[in-house]
Amino acid sequence: MFAFFLSSGLFLGWSLGANDASNVFGTAVGSRMVKFRTAAIVCSVFVILGAVISGSGASHTLGKLGSVNAIAGAFMVAFAAAMSVYLMTLARYPVSTSQAIVGAIIGWNLFTGSRIDTNSLTKIVLTWVACPILSAVFAMIIYKLVALYIKFMKIHMFKLDSMTRYGLFFAGALGSYSLGANNIANVMGVFVPVSPFSSISFYGLFTLTSAQQLFLIGSLAIAVGVFTYSKRVMLTVGTGIFQLSPVAAFVCVVAHSIVLLLFASQGLERFLISHNIPPIPLVPVSSSQAIVGAVIGIGLLKGGRGIQWKTVAGITSGWIVTPIIAALISFISLFFLQNVFQQKTYRPVGYLITIDAAQRIRDGGVSEEKFKGLQGREFPTAVKFSNALSEYTELTREERDLIVLSAQMDEMEITRSGITGLDTNWITPEQIAALELLEGRVFDHQWQLDEALAEVSPYWRFREDDDKYNRDLRQKLSYIYRFFRYG
Amino acid sequence: MSKGILRKQIGIEKQIDEFLDLISESGLIFKAGIGAYLNGKTDDFLRKIEQITDAEHRGDSLRRTLEERLYIQTLIPESRGDVLELLENLDSLLDQFKGAIWQFEIERPEIGPEFHEDFKEVVKYAVESVESIILSSRAFFKNIAAVADHMHKVSYWETESDKVSSNLQRAIFRRKDLSMSHRLQLRDFARQVDNIADVAEDVADRLAIYVIKRSL
């Protein structure tokens, strides 16, 4: 059964390789500076290295699919995302794989009646606009600087040729490494907890953990995608939008990487904060959208006449269509999986305004009148609960969010076996100690555990004005829920 | 790997420089050769012919190696076609020098002393125009912004060469004491030398387009 579920993760890996390799090597291959075969080899090797070496750092998060709470559901969501990316690859359009995944998760949310993270939807729409523009601006500035440098340094045509080639290789290899490191959790993450593999030690030199073995398999799927099917999308990026010169090809890759680094890197944010430099606001960015933006930027800089606007229009409509198709496929195929194949595609999350929840809602400033009649009634899904709320009374958005979150049931018990299962590299000894203090306690809601932990230890408290820390803490909390949940 | 690529590139840069040197040298040899012919120094003249023939052979083989390397190592993909064309056009200048000087050797035309100055001048301007196109080509490889500095001189020398050659031809045909066949023969020689500057100008016109393409 595991192998069967894994197959959709591999399909997702394959389509990721087929589509996203173009972000790092599309311009190099399109400008004929790097042969497709060479690009495919370099890309594959570095994707695998990135996935196995750096991807394992993210193994405690399940990737985006982590919110899908049953393995059969995760299988279908991964399949839907992979299918939509594959369809876009057929159409030769570079699209964002993670947006396809978010779309597929929304399909799952709709199917199961669970809460839709509207935040991630606005993020996607923002990315379509902000990311290409940022990237285009960066590409223009960098191109101007590079052109000045070349003029000033009087570099020989052939030396420039070899420097550009070398730069394209280097940037491509680096990009492939981070492609593997950042995306492998999305491809394989959900399967880590159910993996049947055990660690393998190679003569004591190094050990491959079970997660790393899974990531290796996933990255091999990405590599196969790169080899078998990535050329068409590469050519769209490299020549379909605008015929790039080699130097422009290099500038595009660099601009795309800089945009990803500046606006999406939490590492950079942490570094800036720790040196008392105001951090750059994190903007949602996508690699595919960044590279397309950079190419258009160069095209505009050269007067804009050479840009194939028809292709650009196709690509942008592809961006919009991808999450929608993914949601549709996900919804429909979940229906079949559940009703025809009798698979459990989700673990139901009920909603009940318990006495504690009612107290919390009152403390949050919502008068009891607004929810009194619903107290004690259990609702099977978020949608039904939300509908009941709407029928009962009028609420502001904040009030509704507070009530829904407070009433969300998630029964947990802090057990010894749960605590020992935690990743001690991530959850600090102080945080573990706090959990040990709560051993044996039972909670009905997630927020109850959050509050109990914050009460016994400062290491579980959110901080004011430290988004980075709070985000990390939130991830840790969602991580530990999984270990103490009933059933 | 990178070191390998860099080393290869340095090799190709040197070869291109060598090729351009050859053409430039051939111009000087040509000038000296025609001077020797006009001054009646046959030994010198024959030595120059040998030198120019040798240069032409080396130029041919260098050009072939360069073309092969450009294609096998897939270098400068976006300007490869242009560079190949440029090399071939420059090589044709070498052929022009060789062809003209051999014509002198084959026909051994009788050139009266009153035409010597004009002949020397046409040769000088033709060689200057080739020199300018060589400088432009070097700039095309090394510093594209400087190409314009040299290129306009090609046209200038070509015009000068045209003027002198027209005057020379006029003077030849005004000489009623020469037989028509002799006059026609001398005119052909004046034209053949002048033609070198014309070819240089054609190369410059093509080069101007490569420059535009590269700076797009």
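This is a predicted model: local features need pLDDT of at least 70, side-chain atom pairs count only at pLDDT 80 or more; totals for chains, interfaces and linings use all residues.
## Buried cysteines

A residue is called buried when its relative accessible area is under 20%, exposed when that value is over 50%, and partly exposed in between, using a 1.4 Å probe and protein chains only. Residues are numbered from 1 along each chain as its sequence is written, and chains are lettered from A and ligands numbered from 1 in the order in which they are written.

How many disulfides turn up over all chains? Zero, in a search of the whole structure, taking a disulfide as a pair of cysteine sulfur atoms within 2.5 Å. For Cys43(A), the closest cysteine sulfur sits in Cys252(A), 17 Å away, so that is too far for a bond. Cys252(A) is in no disulfide either, and the nearest cysteine sulfur to it, that of Cys131(A), is 13 Å off.

## Where the two chains meet

Now for the contact between chains, where contact means heavy atoms within 4.5 Å. Chain A brings 18 residues to it and chain B brings 22 residues. Together chain A and chain B bury about 1900 Å², with 68% of that on carbon and sulfur atoms. Buried area here is the accessible area (1.4 Å probe) that two parts lose on being put together, summed over both. On the chain A side, His156(A), Met157(A) and Phe158(A) supply 39% of the area buried against chain B, more than any other three residues.

Helix H6 (residues 157-188) of chain A gives the largest share of the side that touches chain B, eight residues. Helices are DSSP runs (H or I, at least four residues), numbered from the N terminus. That side of chain A divides into seven nonpolar, three polar and eight charged residues. Nonpolar covers Ala, Val, Leu, Ile, Met, Phe, Trp, Tyr, Cys and Pro; charged covers Asp, Glu, Lys and Arg; the others, Gly among them, are polar.

## A loop residue, Arg92(A)

Arg92(A) is in the loop between helix H3 (71-90) and helix H4 (97-112) of chain A. At 42% relative accessibility, Arg92(A) counts as partly exposed.

Which residues does Arg92(A) touch, leaving aside its neighbours within four places in sequence? They are Arg232(A), Val233(A) and Thr236(A). Arg92(A) and Leu235(A) are 143 residues apart in sequence, yet 8.3 Å apart in space, C-alpha to C-alpha.

Definitions and conventions: Side-chain values use heavy atoms; hydrogens and water are left out. Helices (H or I, at least four residues) and strands (E, at least two) are DSSP runs, numbered from the N terminus.
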